[in-house]
Amino acid sequence: MNITFPHFIELLLITGIIIAIGIPLFGKLPNTRPFSKIDPVEEEFKHLLVRKEELLLSLKELEVDLQADKISIEDSDALRSKIEGEAIAILERIDELKKNIKKHGRSASKNFLLA
Amino acid sequence: MNDIGEFTLMIALATSLYGTVAYVMAARGNRIDLYLSADKVPLITWACIMISSIALWKAFFTNDFSLQYVYAYSNIELDYFYKFSSFWGGQKGSLLFWALILTSYMMVVHIQNRSKNLIVVPYAMAVMLAITCFFLFLLNFSTNPFERIPLPPEDGRGLNPLLQNYWMVIHPPTLYLGYVGFTVPFAFAMAALISKNLDDAWIRLTRKWTVVSWFFLCMGNLFGASWAYVELGWGGYWAWDPVENAAFMPLIVATAYLHSVMIQEKKDMMKVWNMSLILLTFVMTIFGTFITRSGLIQSVHTFDEATLGYYFLGLLFFIIAVCTALIISRLPLLKSKNELDSFLSREAGFLFNNLLLLGIAFATFWGTIFPIISEAIRGVKITVGPPFYNQVNVPIGLALLALIGIGPIIAWRKATWSNLKKNFLKPLMFALIGGAILFPVVPLSNRSEIYTYIAFILCIFVLSSMLIEFYKGTMARYASSETYLGALGSLIWNNKRRYGGYTVHIGVVMIYAGIAASSSYGIHTEKRLKIGETIEIRDYMLRYEKLAAIQATSVKTRIIAQLAVEKDGKKIWTARPEKEFYKGQNQPVSEVDVRSTLASDLYVILADFSEDESATIKVYHNPMVKWLWTGGWIIALGTMVCAWPDRLEQRRRLERLKLQKIVFSPAQE
């Protein structure tokens, strides 16, 4: 059987691919886990940080709207107190989570969530 | 090279199959070895498909007619520019092109998320690789672009003359960039569902992908309309052809998604709705592909060898079934904690906008599939033409236009009477004054003209509300800036999403105005002319000067009519419409000549000619068509602003991660 140039290239390609995807499978790797388990408390904390950020952005936007005379002072005050109320609730929950984690560590997070 | 191209297609299929399985196993078993191994697959698959693509392009450029695909879509005389685009001129090459774009996107996603180690990433990569597998399966076993001809002919059949147009070089890749782009948010949505990681992280990860894909889809539709306008020679740009609809529907659903996703980000609501919308967008892109490749519908846009219907139908049903099952099983996790504060708020406006957009999408979908259903059930082929679409979509479209104007000026959460009065008064006043000025000028003799009049009033309302937004924002910033331009610049720079979005809306308004005017006030006339005779339309007089024949290439002959165009007795332009005859093609191709201004287009067609040099000339006067294309470029500008990297947002994200790390660091254990 004659080995032509394309065949040689194909052989090279397939060898290269097998080596590339095979090395991690057969090489020595540290025994680490690439993905940590989803921790509900950590997820809630992450989510609350995003919500807090969104509320702060809303407050900033409200300020811009007030400056641009898009909204009356009364309306702006009413909306601000509503957003601030939500933000305070979120900040309180964040603090609560932080305190509990400081006190009991991450392992207590599940119990805390249930409580 | 053909052998290598065919071989790498097979290798790409094998590696992407491996990658799909390995990524899922790595995520489920939390195995680093499998993850690192699977992580090589995106690059390998992309490289293999790139090699296949280069092989096919090389075959086109070297006139290798031993490949059936090159024989069918090229010939020796074909311009290099079109040899390049012949790659996607037929079904086989276009599928390879799809796979190339998909794997290129996958590479970018892979690089973007390599060090993030989020659980959704391997699942998203697995979904993208699984979709790649589907296309590679078709390319290897059903529609191979490297299929050989045992006895290669000396020359090819050539590219369809209708496709030998510069818009046809740009339009398909742009559309594909949009179509394929939605695979990324879809894959992340699926990944979020599979991994039960259902906060809005996947939305933030794919926000830019959605905006960019939407932009390409939008421009793809516009470029397609441009091609139809200059190449098909019927004086219009949109005919509600099923294939046009197939590209239009995902755009509409994606627009709904783009808006509703903002409510989820802002108020943590509508999770199920957003999830459904992105899945529906992707389903619509596959449906569009099904329409063009199933052979069910005959259109200038479908592929000649459309034989892949069952495969795409199978994929469609599979995706719908899996997505529905996943959404239902994750319903408790997708429940929103918040509710709408008021129906008189911007959130509610977005909700209504979504309903209207879905109404348009559904009406278009129904009009597209009804002839297929009718033929399948009753054996009667029914054509659903523009009157149906116009009757349903125009009123909904007008309501949507009003909402574009209302959205930015109504308050988030809850609008009050004072808010409405403050922000609505001026735009409403401008709209009413505009309406009063236009009233004696525009004709109002039929329903279409009345709709157009309403559209103009609404366009003025929206445009003035947008411009007032820019004005108010600039004036508020002017206090801290030296110049008005500086204030405007910093306003846009610091609120890219908001003002980029407004810019896109200005582009949309221009498109609305262009469509309304050109579809209602367009007129046309036709006359058989001898040399020296004239034809008149509106204020223009066209004098037929001569007819010339030019042998452009050995396969193409051009017959050109020359007409001097006069306005108020003064010559303003020379029109040169032509007919092109291609060797081996039965039908000649019309090449229209257009004089385009913002006010109107003068569109001249050489419909027919005879040996005595008399010719039938058709002239269209289409008002404001240029507004459509200009609106497109404004949309491009707005999208660029929206998609521009936001340093503040990056900083906020990093701060969040830092805080998270401090609180959840192992030292806490």
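Reader: Which residue takes a positive phi in the hairpin of strand 4 of chain B and strand 5 of chain B?

Author: That is B:D568, with a phi near 55 degrees, in a hairpin that has two residues between its strands. Before we go on, please keep in mind that this is a predicted model, where local features need pLDDT of at least 70, side-chain atom pairs count only at pLDDT 80 or more, and totals for chains, interfaces and linings use all residues. Residues are numbered from 1 along each chain as its sequence is written, while chains are lettered from A and ligands numbered from 1 in the order in which they are written.

Reader: What makes strand 4 and strand 5 of chain B a pair?

Author: Strands pair if DSSP finds at least two bridges between them. Strand 4 (residues 556-567) and strand 5 (residues 570-575) of chain B have five bridges and run antiparallel, so they meet that rule. As for the names, helices are DSSP runs of H or I with at least four residues, strands are runs of E with at least two, and both are numbered from the N terminus. Within the pair, B:V565 stands opposite B:W573, and B:K567 faces B:K570.

Reader: Which strand joins strand 4 of chain B over eleven bridges?

Author: Strand 3 (residues 540-551) of chain B does, in the antiparallel sense. Strand 3 and strand 4 of chain B make a hairpin with four residues between them, and B:K546 lies opposite B:Q562. Strand 4 of chain B also pairs with strand 6 (residues 578-582) of chain B, antiparallel and over five bridges. There, B:R558 stands opposite B:E580.

Reader: Why are strand 1 and strand 8 of chain B said to stand at the edges?

Author: The sheet is open, with four strands of chain B in the order 1-10-9-8 and antiparallel pairing. Strand 1 (523-529) and strand 8 (593-596) of chain B each have a single partner strand, so one side of each lacks a neighbour in the sheet. Neighbouring strands here are turned by 15 degrees against each other on average, direction ignored. At one end of that order, strand 8 of chain B is joined to strand 9 (residues 600-609) of chain B by four bridges, and B:S596 has B:D601 as its bridge partner.

Reader: Why are helix 6 and helix 7 of chain B called roughly antiparallel?

Author: Helix 6 (residues 91-113) and helix 7 (residues 120-141) of chain B pack at about 165 degrees, with axes 10 Å apart. Axes are lines fitted to C-alpha atoms, for helices over the stretch in contact, and angles run from 0 to 180 degrees between N-to-C directions. Angles under 35 degrees count as roughly parallel, over 145 as roughly antiparallel, 65 to 115 as roughly perpendicular and the rest as oblique. The pair is therefore roughly antiparallel.

Reader: How do you know which residues of helix 6 and helix 7 of chain B meet?

Author: Two residues are in contact if their C-beta atoms, placed from the backbone, lie within 7 Å. Among those that meet are B:W98 and B:M106 in helix 6 of chain B, and B:M128 and B:F135 in helix 7 of chain B. By class, this contact has 14 nonpolar, four polar and no charged residues. (Ala, Val, Leu, Ile, Met, Phe, Trp, Tyr, Cys and Pro count as nonpolar, Asp, Glu, Lys and Arg as charged, and the others, Gly among them, as polar.)

Reader: What makes helix 20 and helix 21 of chain B roughly antiparallel?

Author: The axes of helix 20 (residues 496-521) and helix 21 (residues 625-643) of chain B come within 7 Å and cross at roughly 170 degrees. The two helices are therefore roughly antiparallel. Their contact has 16 nonpolar, eleven polar and two charged residues.

Reader: How many residues does each chain bring to the contact between chain A and chain B?

Author: Chain B gives 43 residues and chain A gives 43 residues. On the side of chain B, the largest share, seven residues, comes from helix 1 of chain B. That side divides into 17 nonpolar, twelve polar and 14 charged residues.

Reader: Where does pLDDT stay under 50 in chain A?

Author: Over residues 108-115; pLDDT is the predictor's confidence in each residue, from 0 to 100. Where pLDDT is low, the predicted coordinates should not be read in detail. Chain A averages 78, chain B averages 88, and the model scores ipTM 0.80 and pTM 0.89.
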